[in-house]
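Work through the exercises below with the sequence and the model open. Each task is followed by its solution.

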Amino acid sequence: MTTTEEPYATGSPPAQALTLAQLAELAGVSTATVSKVVNGRSEVGPETRALIEGLIREHGYRRQRRRVKATGLIELVFHELAGDYPTEVIKGVQRVARQHHLAVVLSELGGSHTPGRDWIEDVLSHRPDGVITVFSSPTDSQRDQLATREVPLVVLDPAGDPGHRVPSVGAANWSGGLVATRHLLELGHRRIAIITGPEYALSSRARLDGYRAALDTAGVPIDPELICPGAFLIEDGLLQARRLMRLPDPPTAIFTCNDGQAIGVYHAAHELRLRIPDDLSVIGFDDMPAWRWAIPPLTTIRQPLTEMGATAATMLITLAQGEPLRQNRVELGTELIVRGSTAPRLR
């Protein structure tokens, strides 16, 4: 997928690109040290690494030998391989990779949203055509090392701000939060609670902002007691619904920021002998296949995870072929899926 022409540069015209020896002279280090930085090796001090990476960004780097051909792999990196979320993303990436005769290598970060120090060395040893990170993002230094090796990066569902220079794919989370809350308002609910995802997650903040916007537009006061922090876990729904339903004025509807939290709410409702949707309406976010079989089937906001995976893979392959992207940030639409867990307010 990658070219083998030389010389080439990263961020500068070829005429300005420097060789290992020239970079080493400017940095006041050995060519071996520069080579370690270029090849993603970890045994270089942070100050020296930052100096060399800065010089490469400023001047570019010209290889004095032909590049090792990429191995026909897409490196797909998850913060955690758990639940249906990764499966839906993998389906989309795999579909596009198969069309281009590429293999997909999966790895996870053990729940972390930032790769560790050894991660970049492992990735570069695979010589992938490109890297897709999901709900996580490499550090600035790791991105520089990928760029130096001309390994393109696309961030899918970024946990934090990936920056305008990093290609990314996400969903219309704000409008999803707005539509979910508006649906409950149209059913007559006014005491509407929300269980959020983690505060650091862009998607979580956007869904919460959409919820607030819908209430504000409808003239419904926002009650801080009804805004419950979570971490996209089933336990969030269980624990927060228990607390919410014991308030002096409990909610008549709960909007959860993912489907797993909604299932937690279902369990709490069962414990408290509440009927869904007669006593409590519940709406989720994601539209994971398994939750369509809940009793009653879950009303939710569909997040097109498979399409997001396919879009990220298409962008990555475009970059690996040396072609520019039409846009660096792609946001796919969300959709309200009405099932049996929401109904007009009865009390």
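**Exercise 1.** Find which residues of α3 meet which residues of α6, then describe how the helices pack.

Step 1. R49, E53, I56 and R57 in α3 meet S141, D144, Q145 and T148 in α6, contact being heavy atoms within 4.5 Å. The model is predicted: local features need pLDDT of at least 70 and side-chain atom pairs pLDDT 80 or more, while totals for chains, interfaces and linings use all residues. Residues are numbered from 1 along each chain as its sequence is written, and side-chain values use heavy atoms, without hydrogens and water.

Step 2. Helix α3 spans residues 46–59; helices are DSSP runs (H or I, at least four residues), strands likewise (E, at least two), numbered from the N terminus.

Step 3. The axes of α3 and α6 are 11 Å apart, at an angle of about 50°; axes are lines fitted to C-alpha atoms over the stretch in contact, with angles from 0 to 180 degrees between N-to-C directions. The two helices are therefore oblique to each other (under 35 degrees is roughly parallel, over 145 roughly antiparallel, 65 to 115 roughly perpendicular, the rest oblique).

**Exercise 2.** Classify the aromatic pair of F135 and F232, and state what the pair ties together.

Step 1. The count is 1 aromatic pair (Phe, Tyr or six-membered Trp ring centres within 6.5 Å; planes under 30 degrees apart stacked, over 60 edge-to-face, the rest tilted). F135 and F232 are tilted, at 6.2 Å centre to centre and 55° between the planes.

Step 2. F135 lies in the loop between β3 and α6, and F232 in the loop between β7 and α9, so the pair ties together parts 97 residues apart in sequence.
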